[in-house]
Amino acid sequence: MSPDARTIAVPDSSRIALLALVPLHADEMAVKIEHGTDALIEILDRGGVTELLDPQRSSYA
């Protein structure tokens with residue numbers, strides 16, 4: 001999704017951020033804790049992980 005599509009402008013000039021919930025494997029959470037959010041996002045991007053739920057998804061950590 002493009003960055004412009006991630007927010008909605010409302011009439012009072014506020015902006016609403018659209019967020020996604022992505023379930024993580026325990027080792028992916030460990031990457032986030034040990035190396036930070038940028039490292040987690042990098043491995044999820046490399047794995048092509050999206051906000052679409054895939055209960056069979058393998059870990060990319």
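Q: How many salt bridges does the count come to here?
A: The count comes to two salt bridges. Keep in mind that this is a predicted model.

Q: OK, which side chain does Glu 28 meet in a salt bridge?
A: Arg 57 is the partner of Glu 28, and the N to O distance is 2.7 Å. Glu 28 sits in helix H1 and Arg 57 in the segment after H2, so this pair ties together parts that are 29 residues apart in sequence.

Q: Is Glu 28 buried or exposed?
A: Buried: Glu 28 has a relative accessibility of 0%.

Q: And Arg 57, buried or exposed?
A: Arg 57 is buried because its relative accessible area is 13%, and the cut-off for buried is under 20%.

Q: What else is Arg 57 in contact with, leaving aside neighbours within four places in sequence?
A: Besides Glu 28, Arg 57 is in contact with Pro 23, Leu 24, His 25, Leu 44 and Val 49.

Q: Back to the salt bridges. What does Glu 42 pair with?
A: Glu 42 forms a salt bridge with Arg 46, and their closest N and O atoms are 3.8 Å apart.

Q: Why would those two pair at all?
A: Side chains of opposite charge can pair when their charged atoms come close. As for where they sit, Glu 42 and Arg 46 are both in helix H2, four residues apart, which is about one turn of the helix.

Q: Is Arg 46 buried or exposed?
A: Exposed, with Arg 46 at 60% relative accessibility.

Q: How far is Arg 46 from Ala 20 in space?
A: The C-alpha to C-alpha distance between Arg 46 and Ala 20 is 18 Å, and they are 26 residues apart in sequence.

Q: Switching to helices. At what angle do H1 and H2 pack?
A: The angle is about 145 degrees, and the axes of the two helices are 6 Å apart. Helix H1 covers residues 26-35 and helix H2 covers residues 37-46.

Q: Which residues in H1 meet H2?
A: On the H1 side they are Glu 28, Val 31, Lys 32 and His 35. The H2 side brings in Thr 37, Ala 39, Leu 40, Ile 43 and Leu 44.

Q: What's that contact like by class?
A: Between H1 and H2 the contact has five nonpolar, two polar and two charged residues.

Q: You listed His 35 there. Is His 35 buried or exposed?
A: His 35 counts as exposed, at 57% relative accessibility.

Q: How does the lining of the largest pocket divide?
A: Nine of the residues in the lining of the largest pocket are nonpolar, three are polar and three are charged.

Q: What volume does the second largest pocket have?
A: The second largest pocket comes out at about 200 Å³. There are 13 residues lining the second largest pocket, and the closest to its centre are Pro 23, Leu 52, Leu 53, Asp 54 and Arg 57. Arg 57 is the salt-bridge partner of Glu 28 again.

Q: And what does the lining of the second largest pocket have by class?
A: Eight nonpolar, two polar and three charged residues make up the lining of the second largest pocket.

Q: Where does Ser 13 lie?
A: Ser 13 is in the loop between strand S1 (7-9) and strand S2 (15-17). Ser 13 is also exposed, with a relative accessible area of 68%.

Q: Last one: where is Asp 4 found?
A: Asp 4 is in the segment before S1, and Asp 4 is exposed, with a relative accessible area of 68%. From Asp 4 to Ala 26 the C-alpha to C-alpha distance is 31 Å, and the two are 22 residues apart in sequence.

Technical notes
Residues numbered from 1 in each chain as written. Predicted model: local features only at pLDDT ≥ 70, side-chain atom pairs only at ≥ 80, totals over all residues. Heavy atoms only, no water. Nonpolar A, V, L, I, M, F, W, Y, C, P; charged D, E, K, R; others polar. 1 Å grid on protein atoms, 1.4 Å probe; cavity = no way out; pocket = protein on both sides within 12 Å on 5 of 7 lines; lining within 4 Å. Points joined across faces, edges and corners; volume = space filled by probe spheres on them. Axes fitted to C-alpha atoms, helices over the stretch in contact; angles between N-to-C directions. Contact = heavy atoms within 4.5 Å. Salt bridge = Lys/Arg side-chain N within 4 Å of Asp/Glu carboxyl O. Buried < 20%, exposed > 50% of the residue type's maximum accessible area, 1.4 Å probe, protein only.
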